[in-house]
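Walk through this model with the viewer open.

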2 protein chains.
Amino acid sequence: MSLVVQKFGGSSVADAASIKRVADRIAKYSKAGHQVVVVVSAMGDTTDELIDLAEQVTPAPPARELDMLLTAGERISMAVLSMALNADGVDARAYTGSQAGVITDEVHGRAHILKVTPGRIRDALEAGSVAIVAGFQGVSQTTKDITTLGRGGSDTTAVALAAALEADVCEIYSDVDGVFTADPRIVPSARRVPLISCEEMLDLAANGAKILMVRSVEYARRYGVPLHVRSSYSGRLGTIVSDDPERVIPIDPDVTVRTADVVRRDAADPSKELPMDFVPAPGLEAPIISGVAHDRSQGKITVVEVPDSPGKAALLFDVVAATGANIDMIVQNTSTTDDTVAISLTLPESDAPAALAAIEAAHEAIGYSEVRYDDQIGKVSIVGAGMKSHPGVSATLFRSLGEAGINIDMISTSEIRLSVVTDVSRLDDAVRVIHSAFGLDAEQTEAVVYGGTGR
Amino acid sequence: MSLVVQKFGGSSVADAASIKRVADRIAKYSKAGHQVVVVVSAMGDTTDELIDLAEQVTPAPPARELDMLLTAGERISMAVLSMALNADGVDARAYTGSQAGVITDEVHGRAHILKVTPGRIRDALEAGSVAIVAGFQGVSQTTKDITTLGRGGSDTTAVALAAALEADVCEIYSDVDGVFTADPRIVPSARRVPLISCEEMLDLAANGAKILMVRSVEYARRYGVPLHVRSSYSGRLGTIVSDDPERVIPIDPDVTVRTADVVRRDAADPSKELPMDFVPAPGLEAPIISGVAHDRSQGKITVVEVPDSPGKAALLFDVVAATGANIDMIVQNTSTTDDTVAISLTLPESDAPAALAAIEAAHEAIGYSEVRYDDQIGKVSIVGAGMKSHPGVSATLFRSLGEAGINIDMISTSEIRLSVVTDVSRLDDAVRVIHSAFGLDAEQTEAVVYGGTGR
């Protein structure tokens, strides 16, 4: 018997029919004797509709009241999902974040989980019930007010509960089959990645892969929770995110597998083992690159003719940091004609207005000549633990972009990641040529091996 | 400074525009320096829509999960109303029933309030905030699960909070101007009743007047909470429900009045006193009858040829009572030809199927010949404390119905009430002729006195 946490996003519970389908899946696990905790998001567009309603009343709703409003969304989906399970003959009980013991700080709209005390969930499991828990929400330790966790909060709820309950696996269900080597909408030949380390997954998520939020992956790494990212529309194997090759996890009501052996499983039918000659031995022929991520949500601020004297650049970053902006890349170019430098930085477009205002306000103190802003940029990143030992990676990347006539504007690197900024109009092309240059495109044999991947 | 509890029903908060209108009304009280607690129902048809959603998933949702689902409705309305108040410059905070300390038993769907511990509401009031509380819901003392109070539950929440907070008045807002001498849709000349005792209000509510639920009036009587039933679409005086003629209650942000003097206030402008000669002195010329209530939601079961031996009738009532049916009237007719009786009883139509099944199952034990069921009945009741001392009341009632050619099927009486059952097709006529026979129709002077009543 395993303890499985399953998280279903809004598109998986968009209407009554979807909810019944999800209930049938959960029921299979429960009826096979597993303990199941389900974390659920609000149905379909409910959250957006509630925000619309608030905006009809006031352009600036108080954060505490907005959290109270939005948490109605998961209350509806969890109650209806619980009803559907009971109709399937499975005893199920729905719990709010507060009832499930999700204790947070008091920062409404983007609260952090301080601890999870899932006493009532444990009681429900011991009584043989499936526990349905509202994602995205908790209760403030100090004020006892209802809080929400911000974007991707339901994933974080699921991972935090899995950690507190010492679950065997935390399954993240969505409408895609797992983590891919690139976005299949841009690269149709992208392949599913059967197994990935937390560090690689973190870098993919931080650089634009939307399938998992950084916070939930960080939480999973810290507490050693294996994640299984998979589709709610099939019983296929998805992507296992784990750093522990010896961990034994359930991947089907009747099948468990050692993490390192995941790549030897047939994606379409997890109960089947693949013949050895179809599968690269783990570690030996592991691909250098796990995946290609892209991000078109950033903008670039360039500050021209900053005096090249101690403290001026530091002051620039101080005033930007004080706005809470999330700076990603920084490039500094020394002028060849005078004693000034040009400093460029990238940041989320949503952070740009406040950052630009702060830089304007510090015009005299910094002493620059001009500020430029460009939101027509795109970032493409390659991520792979194999990069560390393969010195040719950056050369391959730059050559492939050069041959495709794509200009590189900025570059940043880490141990397992290489990111470049291009014009946003060439971003999709950049993703495709890089995916191809690193041999990630699916070949015929691969398609046979995995029983057909893609969306 | 007064402490005022204001309850707004679903039609008063049906959309963003209505919510802003309600917020403006609350803001007037708050800005005048009063402490205000607001109890709010779910927006418009939200509750029905949530029930529809549940029924799409299962015909028989578990009661615990249904309560969890339905309470999302008030969560939305209370959060949005709180936002609207904050947008009006009034500090407001929304609280669930649980947060407001509404502690109930564990009977999902029709829980009873065991106690109210409104510590957080008191804190909010002391901090100068308006407290918005979700109506209709509480939390079980034993299981800590979320419960709902059943039909009219928001009124009960409001009265219970008013009692616990020792509020000066509990205002019940709806889309009508108060309690009328009859339903104005049936009797256009019906008049608003400015002041009514709890006992009379109870009898009106129990016999079909829909403006207040019996439970909330019982609660108000037990704890001495004065109620003020009024329209959310005007600032008019409505109906005060109280047994204490000396109670001083606020009826406007700037006006308080002694209960017994309520009838001397201009309905359209509560700040105006009426000249003495326009108003009957309280007690001296009080009308015999306070109002005419009607109810078309009952059915009649008739059990024919029940043996007239000890215990047979008792057995009949035992089996019906065991189904939880709410029996209203009972009539027994002894046969003149043999040793049997016919027993008729009325009960809510929704209780009839279970009651009929139980009577069928006890056919042999009781030994009757036949069961008949008639759902085409209507009940009309007159209620008034003055009836006790006026022996001609029943004669006036029967004469007026007889002259109109309306047959009386069953009769029941109490100290302050007289009810008759007629064919449902004549019910509206019965209400009109009785209303007229007891001199309740509005006259020209009355319309002037109250500045125009009606819906």
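In what order do the 4 strands of the open sheet in chain A lie? The order is 5-4-7-8, and the pairing is mixed. Strands here are DSSP runs of E with at least two residues, helices are runs of H or I with at least four residues, and both are numbered from the N terminus. Two strands pair if DSSP finds at least two bridges between them.

A word on the source: this is a predicted model, in which local features need pLDDT of at least 70, side-chain atom pairs count only at pLDDT 80 or more, and totals for chains, interfaces and linings use all residues. Residues are numbered from 1 along each chain as its sequence is written, while chains are lettered from A and ligands numbered from 1 in the order in which they are written.

T104(A) has S140(A) in strand 7 as its bridge partner.

Two helices lie across these strands. Helix 3 (residues 63–87) of chain A covers strand 7 and strand 8, running at about 75 degrees to strand 8 of chain A. Helix 5 (residues 153–164) of chain A lies across strand 4, strand 5 and strand 8, at about 40 degrees to strand 5 of chain A. Axes are lines fitted to C-alpha atoms, for helices over the stretch in contact, and angles run from 0 to 180 degrees between N-to-C directions.

Now look at Q141(A). It sits in the loop between strand 7 (137–140) and strand 8 (146–148) of chain A. Leaving out residues up to four places away in sequence, Q141(A) touches I103(A), T104(A), D105(A) and L114(A). Contact means C-beta atoms, placed from the backbone, within 7 Å. I103(A) is 38 residues from Q141(A) in sequence, yet 5.8 Å away in space, C-alpha to C-alpha.

Turn to the two chains together. Their contact takes 27 residues from chain B and 27 residues from chain A. On the chain B side, helix 3 of chain B gives the most, with 14 residues. By class, that side has 18 nonpolar, 4 polar and 5 charged residues. Ala, Val, Leu, Ile, Met, Phe, Trp, Tyr, Cys and Pro count as nonpolar, Asp, Glu, Lys and Arg as charged, and the others, Gly among them, as polar.

How are the copies related? A rotation of 179 degrees with 0.0 Å of shift along its axis superposes chain B on chain A (RMSD 0.2 Å). That is the relation of a two-fold axis. The superposition is by least squares on C-alpha atoms of residues with pLDDT of at least 70 in both copies. The same surface serves both: 100% of the contact residues of chain B recur in chain A. Of the chain B residues, A72(B) comes closest to the rotation axis, at 2.6 Å (C-alpha).
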